[in-house]
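The notes below are in the order I took them.

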Amino acid sequence: MTIPYKISYFLIFFTIPLMGSFLLLFIRFLFLENKHHIRNFNYNGDNNNNNRNNKKLKKYFILSLFLFTSAIIGFIFTISSFSSWNYLPIELTTFASIIILLFFTFYQLIIQFEVERKKQFFKVRKNKNKKYFIQSPPNFNNGIILNNNNNNNYENDKSNIKENILLESLNSRQYEVGEEEEEGNNEEEEEEEEEEEEEEEEGYYNENKSFYNYNNQIDSKLGFLNRFKKKIIYFIKDIIETIKFKPKLSITLILISLLISIMIPVLLNDVCICSHPMNVSTSFTRKLFQESYCKNGEICFLYLTLPKDASTSMILQIHTFNKPSNILITITTTKNTTTDDDGDGDNKDQNIITISKFNFISMSNIINDYPRYISYIDLVGLKENTNYSFKVNFTSKEIETTLNSYDGVNQFQFKTFSNRSDSIIKFISGGDIVINKDSKDLAKHASINFNPDFIVVGGDVVYEDGIGSCYKRWDEKLSFFNTYFNLKINNNHNSSSSSSSSSSSSSSSSSSSSSSSSSSSSSSSLFLKPILLSIGNHEAGAFYQTHKQVPFYFKYFLFELDGFKDGIDENKKSYHIHKIAPHTSITSLDSCVVSTWSQQAQWLDNQWSNEEFNNTPNKLVVYHHPIYPAWNLDGLIPETGREVMIPLFDKFKVPFVFENHEHLFRRTKKLKENKIIEENNSTTLSSSQGTYYAGSGSFGISKTNIIPSNNDESLPWYLFKRSYCNHLWYITATQKEILVEAFAPNGDKIDKINYIQN
C-alpha cells in the first residue's frame with residue numbers, strides 16, 4: 001500500500017513546525033542561553049552606571065524571548081496538526097495548546113521579574129564594618145550577619161547555620177565583595193566614595209543573581225511524586241506572587257496566551273489540501289469565504305447513477321442538509337412508440353407509480369462543517385425505452401415545509417434505455433476533470449451537438465485526494481454535472497419528446513441552472529442523465545488503498561443498492577458491469593486503487609461468460625490508470641494489468657478500452673496479445689479483431705491543446721497518436737458497429753474510429 005496524500009500532508013504539517021521549533025531552541029541554547037546572564041535581565045532598567053550594559057542585555061533578551069516564543073508556537077502548530085487532519089478531536093489539541101502556552105507565559109513572567117520581586121523581600125545594605133545585613137523571609141525569625149571574604153569568622157555558630165539554610169533556600173552563592181581602601185582628607189569625600197561603591201555592588205548583585213527556585217527547600221528523602229507535588233506547589237506560589245507584583249501586565253499576557261492557544265487549533269481545524277488546482281482551506285475559511293452548496297431547508301443535489309440494467313431501473317440520489325423522515329417519489333410514465341423518438345407516438349398508455357422506500361446515510365463522520373444526508377431511491381420495475389416524469393416530496397422532522405424542488409424546478413424527467421437489438425446508444429467518456437473554460441466548452445459541445453444518453457468519467461473526478469474536509473470539491477463537480485449535462489425542458493412541449501427537445505434546449509441550461517422562481521418551476525422540468533464513474537487514485541489519495549481511505553466515492557455514487565445495510569457496505573466492489581443495450585455493455589474496473597487487477601479477473605471472466613453479457617458483442621471497458629501508457633510500458637500497474645487483463649480482453653474480443661490518468665490525448669494502434677495486428681491505422685474503417693486503448697484523461701486538466709498527429713516519430717511502437725490536448729470521446733454503438741470520435745474544446749474532431757463487428 002502506498003502512502004496516501006492525506007498522511008503525507010499530515011507529516012508535513014507535523015514535521016516542519018516541530019523541526020523549526022527544535023532548530024530555534026538549539027540556536028537559543030547555543031548563542032543566547034547564558035549570554036550576559038539575560039535570564040536575569042532587569043527589563044525596567046538599572047541605575048545610571050549600569051544603563052549601557054542594560055541596553056545590550058535588553059537586545060539579547062528580546063531576541064532570546066522571540067526565539068523561545070516562536071519555538072513554543074511551533075509546538076502549538078505541531079499539536080494542532082492532529083486535529084487539522086482529524087486524528088484527534090479539536091477539544092483535546094486546544095486543551096493541550098492552552099496548557100503549554102500558559103506554562104510558557106508563567107515561566108517567562110517568573111524569570112523576568114524574579115530579581116525585582118525578590119528585592120522586596122531581601123534588602124541589601126552596607127554597614128560601616130563592610131558587612132551586609134539580609135532581612136530574612138517569613139520562615140526566619142532573626143537577621144543574619146554575612147561577612148565578606150576578607151573576614152575569617154562568623155559571629156556565632158547559630159548565625160552560621162542560619163546563613164547556610166538561607167543561602168540554600170535561595171540557590172545562591174556568597175558573593176565576593178572587594179574592599180577598596182579609600183583615602184581622603186575629610187569625611188565628606190569618604191561618604192561619597194562609599195555611596196558609589198554601594199551602588200556598584202548592588203548593580204553587580206542584580207546582574208549576577210542566579211535563577212531563584214525552591215529545589216533546596218525540598219527534602220531529598222521524599223519520593224518522586226511528593227517532590228513533584230512540592231515543586232508544583234512552589235511554582236504556583238511563584239505564579240501568584242508574580243501576578244501580584246505585575247497584575248496588569250501578567251493578566252494581559254495570560255489573556256493573549258489564551259487567545260493564541262485557542263485560535264491556532266481553531267483556525268487550522270479540518271484542513272483541506274486538494275490539487276488541480278491547488279487549494280488550501282480550513283473549516284474557518286470555508287465557512288467565512290466559500291459558498292455553501294448545501295443549505296438548510298433545501299434539496300442540495302439530485303442526480304441519477306447508472307444501474308446494472310438501465311432499461312428497467314435507475315438509481316436516484318438526493319443530498320440534503322436535513323435528515324429525511326419520509327420521501328415519496330411520484331412517477332408518471334408515458335410510453336413512446338418504438339418507431340417514434342420525437343414524441344409523436346402513442347401517449348395513451350399512462351400510469352402513476354409511487355415509491356416510498358428509501359435508504360439514507362449521514363456524512364457527519366466525514367463532513368464536520370454542517371450536516372449532510374444522502375438518500376438513495378431504487379427506481380425499479382420500469383419499462384424499457386420509456387420517458388418518465390417524476391416529482392419528489394421530501395419531509396424532515398427538522399423543518400416544517402416539504403421539499404420538492406431542485407435547481408428551480410419541481411418536476412424531473414429521465415428515459416430508460418432500449419432493449420431492442422436495433423437500438424442506438426450514445427455516451428461520452430472522459431476523465432481527470434478540472435473546471436475551467438476548456439471543460440465547460442467540452443461539456444456544452446457534447447450536450448448540444450451529441451446529446452448523450454449517459455456520461456462516463458474514468459476517475460479523478462474532483463481531486464479531493466481522499467480528504468474528507470475537501471467535500472466542496474464534490475459539490476462543485478455535482479453542480480457542474482447538473483449545469484452542463486442535466487437539461488432544462490420546457491413543459492409546454494410534449495413530455496414524450498424530452499430526449500429530442502433536451503438537445504435543442506441545452507444551450508440555455510447554464511443560464512437557467514440558477515433560477516429558482518416559482519414561474520420557472522411551473523414552466524420547466526429537469527431532464528436527468530445518469531452518471532457512470534470509475535475510481536481514480538485521487539478519490540482514495542493514492543493507489544493500493546482500502547475502502548476506509550475513500551471517503552466519498554462509495555457514498556456519493558452507488559451503482560447498485562443490493563445488500564444496502566446500515567449505510568454503505570465497506571466491502572462493496574469498486575468495479576461493476578452495466579448492460580446499456582442488448583448489443584452493448586460497459587464495465588468499470590478498478591486500476592489498483594482499492595482492488596488489484598487479479599482480484600477482478602475472475603469476476604470479470606464470470607460476468608462476460610454468463611448469458612446476460614456473453615451475447616453482447618460490444619464489450620466496452622473503462623478504468624483510470626492505463627496499461628498502455630503514453631510514454632513507455634514501465635510500472636507495476638501497467639505491467640500487471642497487461643499480464644492479467646489482456647488475455648481477457650482478447651478472449652472476449654473487447655473492441656475499446658477507455659483509459660485515463662495521464663492528462664493528455666493518446667490512442668493506441670489496434671492490439672492483440674500485446675502485438676500490433678493492423679499496421680494501416682490511418683483508415684477509419686476496421687473489421688478485424690483487436691482492441692483500441694483510447695484516452696488518456698484530459699477533461700480540462702491539460703494546459704495546452706495541441707492537435708495530435710500520427711506522424712510523430714517519437715511515439716512508442718504501440719501508439720498511433722499522442723498530444724497534450726483536452727478532449728472528450730463520443731461513442732455511438734449499434735448492433736453492427738461502434739463509432740468512436742474525439743473532440744477538442746473548440747469542437748474540432750481530432751480522432752475517429754469506426755469499428756465494424758464481424
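**Ground rules.** I am working from a predicted model, where local features need pLDDT of at least 70 and side-chain atom pairs count only at pLDDT 80 or more, while totals for chains, interfaces and linings use all residues. Residues are numbered from 1 along each chain as its sequence is written, and side-chain values use heavy atoms, with hydrogens and water left out.

**Whole protein.** I looked up the secondary structure and found 18 helices and 31 strands. Helices (H or I, at least four residues) and strands (E, at least two) are DSSP runs, numbered from the N terminus. Of the 758 residues, 53% are buried. Buried means under 20% relative accessible area, exposed means over 50%, and partly exposed is in between (1.4 Å probe, protein chains only). The protein exposes about 35400 Å², and carbon and sulfur atoms supply 52% of that area. Accessible areas come from the Shrake-Rupley method with a 1.4 Å probe; for residues, only the protein chains shown count as cover. I also looked up contacts (heavy atoms within 4.5 Å). Among those with a separation of 6 or more, 73% join residues 24 or more positions apart.

**Helices α6 and α7.** I took α6 as residues 224–245 and α7 as residues 247–267; their axes come within 5 Å and cross at roughly 115 degrees. The axes are lines fitted to C-alpha atoms, for helices over the stretch in contact, and angles run from 0 to 180 degrees between N-to-C directions. On the α6 side I listed T242, I243, K244 and F245, which meet P247, S250 and I254 of α7. By class, this contact has 4 nonpolar, 2 polar and 1 charged residues. Here Ala, Val, Leu, Ile, Met, Phe, Trp, Tyr, Cys and Pro count as nonpolar, Asp, Glu, Lys and Arg as charged, and the others, Gly among them, as polar.

I found a nonpolar surface patch made of I3, I7, L11, Y87, L88 and L92, with about 510 Å² of accessible area together. Patches are made of residues with over 30% relative accessible area and no salt bridge; like charges are joined within 9 Å, nonpolar side chains (Val, Leu, Ile, Met, Phe, Trp, Tyr) within 5 Å. L92 lies in helix α3 (residues 90–119) and is partly exposed at 45%. E91 is also found in α3, and it is exposed at 58%. I noted that E91 and I262 are 171 residues apart in sequence and 9.6 Å apart in space, C-alpha to C-alpha.

**Salt bridges.** I counted a side-chain nitrogen of Lys or Arg within 4 Å of a carboxyl oxygen of Asp or Glu. The count comes to 13 salt bridges.

- K437 and D441 pair at 2.8 Å, N to O. They are 4 residues apart in helix α9 (residues 437–449), so about one helical turn separates them. K437 is exposed at 61%.
- R666 and E662 pair with their closest N and O atoms 3.8 Å apart. R666 is buried at 0%, and E662 is buried at 18%.
- K749 and E741 pair with their closest N and O atoms 2.6 Å apart. K749 is partly exposed at 43%, whereas E741 is buried at 10%.
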